[in-house]
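Please look over the sequence and structure shown here before reading the briefing that follows.

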Amino acid sequence: MFISHLDVIRVFERAFRRANLPISYTKGFNPRPKMTFTPALPVGTTSCSEYMDCEFDEEILPRDVMIRLNNVLPIGIKILEAEVADNKLPLSSLNAASYVVSIEDGSNNEAKLRNAIKEVENSKEIFIEKQSKSGAKQVNIIPLIYSIEVLESNSEGIKILMKLSIGQEGSISPSVIISVLERIAGFEFEINYIFRREIYYFDGNKKIFPI
Amino acid sequence: MTLDRLLEKILPKVSKPARYTGNEYNSILKRKEDIDVHVALAFPDIYEVGMSHLGIKILYHLLNEDSTIYAERVFAPWVDFEKLMREYDIPLFSLETKTPIKDFDFLGFTLQYEMSYTNIINMLELARIPIFSSERCDKDPLVIAGGPCAYNPEPLGDIIDFFVIGEAEEAIVEIMDLYKIFKANGRPRRDFLTEVAKIKGVYVPSLYNVTYNENGTLRSILPKSNEFPAKIEKRLIANLNEAYYPTDFIVPYINIVHDRAPLEIFRGCSHGCRFCQAGMIYRPVREKSADILEKMAKDIIASTGYGELSLTSLSTSDYSQLKQLTESLTEKFRESKVGLSLPSLRIDAFSLELAKKVQEIRKSGLTFAPEAGTQRLRDIINKGVTEDDLLKSAHDAFLSGWNTVKLYFMIGLPGETLEDIKGIAELANKVVDVYRKIHGNTKGLRVNVSTSTFVPKPFTPFQWHPQITLEEIDERQRLLKSLFRKNKNISYNWHEGKLSFLEAVFSRGDRKLGKVLKAAHDNGCKFDGWNDIFSFEKWVSAFDESGIDPNFYAYRYREKDEIFPWDIIDIGINKRFLQKELEKSEKGETTPDCRIRCSGCGVNRLEAGDYCENKIEI
């Protein structure tokens, strides 16, 4: 959870070598293993639904890849399922992710939070400043939010479920939503954790998963 | 709240949280109930620097081979996390099991750089361990240290309980064996210190009386009892082929400074450059055999998955079987796309041919280290490189397609005049001319000149010399800046002079400096090697408050018969040899490489060394 996307790529590059798996390399002066990943997981976020495509020089059973990689992956990173990628949903088409954000309910702020969520839902536009290479620009985040809801609320805190856009059509991280909600609700959240639960293609009605 | 929960909450707020979380591949987990001795291996800098250091890796895996010992790691927290640690009252903890450092049996520091000393004090404070050795009690860990700076242990003499001088692979095991007996019998720390002082290579400063002359120089360092050695002989691994070397290195998640698998090919250096401490203290040269290295390389890559293997030593080109080794490794790793990196390579036709095969070098450009701008000065420092060598190598490199070279020099070397400084600029210009002659113009050429200020080091022929003053440093750097301003192919950068001044103070310092370190720490000094944090003003007031004159250490020309704080250490080389080298330097005479002819430094009495058989006596 505390490592960056580039760190994860390096973890797999080395794990493939330790597992002695025949991963294909790009041609050229600086060969890289042929792997593609789903969009970067923000540092500090845990997840149970990351996907990668990888290409091999020879035919190999997905199950073998999974077992051999799991033998050499560090604690905290595990392959849950492996299948042949041909004829499946390409990773580049994924456009949605669900996050669970758990915050402390220090002084019974639940009502304020629910109001803030409602206000976001009813808004047509909320602009935030986004840093890019060409400088700061204003982005409307409303089209990037599918839904926000309170999942449960108890003595351990409040769990919020956020379904947000990722991928080529634009993406937004849950921490940005949190800061928007904080601004509207007028108090600062004590975050326990942020967890990415699912990544999928959302066609407007249903979720389609890569595996 | 448990520490784990608390960390989960606050680590997202700091930069690079993986510096503090551990759990990297190949890191070692043991149950604390199963062990007898708990050792915290500490590096007084951030994770990325400490994890790049070979010595701490060797000791980590070596100690953990013993199932009754658990060695964990701890690094200096970066300022953002330190602030939160203090705010949330978190004591310094180990990376593997998050155990408070105060609960360990040993806390062992690696001393790589004098300007990390304030970090040692800061880490002790964060660990809630008393800073001075005399204030610690039986329940505190034994605070120990080793590494190159330990060759002059005195500045930390009041802070470190004991030092291990030299290569520690054997000594550390002897120390652990002794400690197990003492711990099993519940004997006090005092008794252990008097016993451990008898192990070869161990220096317990509290068991030695230090006296000074009226002029502030050292009069004597004498053992309080004749059971303790009058001189501490450095430890040395005579046969590296039989020495322990790990193959299952920890693979960090985050990018570290040297993010590759290290394969040590030999220790020691035969060149005898007169400014170089490493060249003296690590003598004699001991190579590992290519056959053993090939096997190790294969095991290391299989166990770590690293995409790059680095052949490490003080001077890679000197390795007698370099061609055989690099050819077989390139062949072996072609399939799995593992690159070789060859740092510290002397640039010549052979190494360029090698470099072409070994892609990693191309990215980083080539580094030449003539060290001084004129032949006269290169002879004084015994750097056996001529201008012709350099220009020919540059010529070969440019012909082979390189267009970026780095030239590394020192300023303030003994006997240096402004002519030598101008010589640096002239040499750089000649390199540009070589390029122009080949390509017709200088398009695409980058010559990066960098200078650092010479710091006289213990156990070198220049240990008697003063450092040049801050004004002189400034003057010489300004001269170079003006000389390079005209040429747009040359860029010039320099090492902060004030930092070099403090390095000079502490590298040849004595025990009186302990209170300066404490005062500097209390003024807020830490991470002094980091430009954006370093504050010279805080150091100046630390010296003032302690009533210590730093100039006494940096600027004094030491008398030939002066007793030095580091004379308590015996590195195997005779002081007489160093003095003779100093005299030769004053006459501009050079001394040949050990491989050509023995010059009788005396290290042969340690009964090791590939070139020490045909020794001479002086």
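**Briefing on chains A and B**

β7(A) and β8(A) form a hairpin with 2 residues between them, where strands are DSSP runs of E of at least two residues and helices runs of H or I of at least four, numbered from the N terminus. This is a predicted model, in which local features need pLDDT of at least 70 and side-chain atom pairs count only at pLDDT 80 or more, while totals for chains, interfaces and linings use all residues. Residues are numbered from 1 along each chain as its sequence is written, and chains are lettered from A and ligands numbered from 1 in the order in which they are written.

**The hairpin of chain A**

- Strands β7 (residues 145–154) and β8 (residues 157–165) of chain A run antiparallel and are joined by 8 bridges, pairing being assigned if DSSP finds at least two bridges.
- E149(A) has L161(A) of β8(A) as its bridge partner.
- β7(A) is hardly covered, with 1 buried residue among its 10; buried means that 20 or more other C-beta atoms, placed from the backbone, lie within 10 Å of a residue's own.

**Where chain B touches chain A**

- In contact (C-beta atoms, placed from the backbone, within 7 Å) are 21 residues of chain B and 17 residues of chain A.
- On the chain B side, α1 (3–10) and α9 (290–304) are the elements that give two or more residues, and α9(B) gives the most, with 3 residues.

**Chain B as a whole**

- The secondary structure of chain B comes to 21 helices and 19 strands.
- Of its 618 residues, 49% count as buried.

Note on methods:
Contact = placed C-beta atoms within 7 Å. Buried ≥ 20, exposed ≤ 12 C-beta atoms within 10 Å, placed from the backbone.
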